[in-house]
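I opened a new page for this structure.

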Amino acid sequence: MANGILKNVEIKGIACAVPDHLVNNEDFFGVFGEESVQKFINMTGVKTRRVAIDEQCASDLCYVAAKKLMERLNWEASTIDALIFITQTPDYAVPATACVMQHRLGLSDECIAFDINLGCSAYVYGLWQAATMISTQNINRVLLLVGDTSNFGINPNDSATAMIFGDGGTATALEKTEGKDIKYFLKTKGSGYKYIMVPAGHARSRSQTIVDKSEYELSMNGADIFNFTITDVQKSLADFMAENSIGKNDVDMYVFHQANLFIIKHLTKKLGIPIEKVPISIDRYGNTSGESIPLTLVDALGSEQSDDTIKLLLCGFGVGLSYGAIYLEMKKSACIPMIYTNYYFDGVDKK
Amino acid sequence: MTYKEKLNLLEELLLIEKDTLDGTVELNSISEWDSMAVITTIAMFDSVYNKNIKSEEIKQFKTIQDIIDKME
């Protein structure tokens with residue numbers, strides 16, 4: 001499997017922006033029935049969610065997070081060498097949103113900018129990509145933006161998807177730093193590509209003259225995703241820890257993709273991890289796709305002032321099927337407090 | 001685990017009143033047998049019996065007895 005160590009790279013800061021708009025799942029009593037909604041809340045853990053207004057894109061939330069983070073770190077736009085944007089809800093089919101963001105954030109024309117299409121595993125893949133560039137290339141600073149507005153394209157009458165997702169955008173600043181390493185493993189199980197899917201809307205179905213509306217909506221096979229998590233993900237994570245001699249005392253916080261509370265609890269139990277070391281954000285923010293790991297970090301550590309370091313094991317898994325984990329240390333004070341915003345791009349970004 | 005204990009475990013898992021299920025009950029007749037129940041059933045097989053049951057296999061289950069037959 002793809003695993004290894006990337007040297008001389010550190011996370012300097014993480015910011016997260018979520019929509020102002022708060023949705024309470026109890027508001028769905030009238031749609032799906034009180035008993036059914038309560039059962040859903042008990043199992044998934046999702047009580048409230050932050051949902052983007054129609055005009056608000058993932059890029060807008062990432063923009064707000066990035067601006068705040070650059071200001072906090074005193075990073076001049078001209079000093080950023082690369083921008084990576086990971087989303088499944090880009091602004092346009094063409095061009096890559098990263099190019100739009102390079103312009104909006106006022107980054108240098110010398111800056112590398114590209115999109116990656118991943119969801120639940122986005123953050124661990126993004127950290128690996130950013131760290132690889134810093135560790136092996138003449139690149140000092142990378143801005144990693146991970147965000148999604150997953151409620152776009154959801155069927156409001158499908159109880160499996162209508163109440164689960166929250167929206168958000170994150171920015172993570174990585175910089176070349178002597179003596180700081182990142183350990184990782186990354187994997188793919190493409191045989192499960194249909195488990196989470198929006199079948200229509202892109203090139204595969206372009207010759208179809210009549211497409212069922214539901215083909216444009218997200219479909220999710222919860223049972224098989226659960227199976228994948230408790231078998232492939234659990235085993236790979238346990239192997240990764242064993243092979244890298246990462247003992248349970250070597251981890252201060254295990255941050256899992258916030259897929260569903262039942263899945264997180266089951267995975268935690270199977271791995272023999274104390275639940276106190278597993279922060280949860282899904283109860284207030286929903287399943288926040290690729291940004292769920294940095295969002296959970298910001299939620300847990302956003303008010304920390306201490307420059308002490310914290311040892312983190314981050315694990316993303318889901319759509320693709322794609323999965324992986326990152327083990328690293330960062331300062332507790334790296335996360336800045338959660339940002340709530342109704343901002344969206346109307347063609348003019350305030351500099 | 002005795003037969004009765006297995007039935008009670010399924011009742012607990014499906015959030016059904018205790019001592020109301022028997023092996024002949026058809027899964028389609030239970031309103032509580034939904035996509036979430038399928039996931040909790042997979043979790044039960046994993047944690048109690050260390051068995052990996054795929055959703056395709058669960059789709060073949062017609063009655064409570066079909067589940068109990070796998071609980072070993």
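I counted two rings of Phe, Tyr or Trp (its six-membered ring) as a pair if their centres lie within 6.5 Å. The model is a predicted one. My search of the whole structure gave eight aromatic pairs over all chains.

I looked at one pair, Trp128(A) with Tyr184(A): the centres are 6.2 Å apart, the planes make 55°, and the pair is tilted. Trp128(A) belongs to helix α5 and Tyr184(A) to strand β9, so I noted a link between distant parts of the chain, 56 residues apart. Trp128(A) is partly exposed at 26% relative accessible area, whereas Tyr184(A) is buried at 12%.

Next I took Phe185(A) and Phe240(A), whose ring centres are 5.4 Å apart with planes at 50°, so this pair is tilted. Phe185(A) is in strand β9 and Phe240(A) in helix α7, so the pair ties together parts 55 residues apart in sequence. I found both Phe185(A) and Phe240(A) buried.

I then checked Arg104(A). It lies over the face of Tyr63(A), 4.8 Å from the ring centre, and over the face of Phe345(A), 4.1 Å from the ring centre.

Tyr63(A) is one of the buried residues of helix α3(A), which also include Leu61(A), Val64(A) and Met70(A). I listed what the buried residues of α3(A) pack against, including β2, β5, α4 and β7 of chain A. The 16 residues of α3 (58-73) should span 22 Å at 1.5 Å a residue, and the end C-alpha atoms are 22 Å apart, which agrees. Just after α3(A), I noted a positive phi of about 55° at Asn74(A).

Note on methods. Residues are numbered from 1 along each chain as its sequence is written. Chains are lettered from A and ligands numbered from 1 in the order in which they are written. This is a predicted model: local features need pLDDT of at least 70, side-chain atom pairs count only at pLDDT 80 or more; totals for chains, interfaces and linings use all residues. Side-chain values use heavy atoms; hydrogens and water are left out. Helices (H or I, at least four residues) and strands (E, at least two) are DSSP runs, numbered from the N terminus. The expected span of a helix is 1.5 Å times one less than its number of residues. Buried means under 20% relative accessible area, exposed over 50%, partly exposed in between (1.4 Å probe, protein chains only). Contact means heavy atoms within 4.5 Å. Rings of Phe, Tyr and Trp (its six-membered ring) pair if their centres lie within 6.5 Å; planes under 30 degrees apart count as stacked, over 60 as edge-to-face and the rest as tilted. A charge sits over a ring if NZ of Lys or CZ of Arg is within 6 Å of the ring centre and within 35 degrees of the ring normal.
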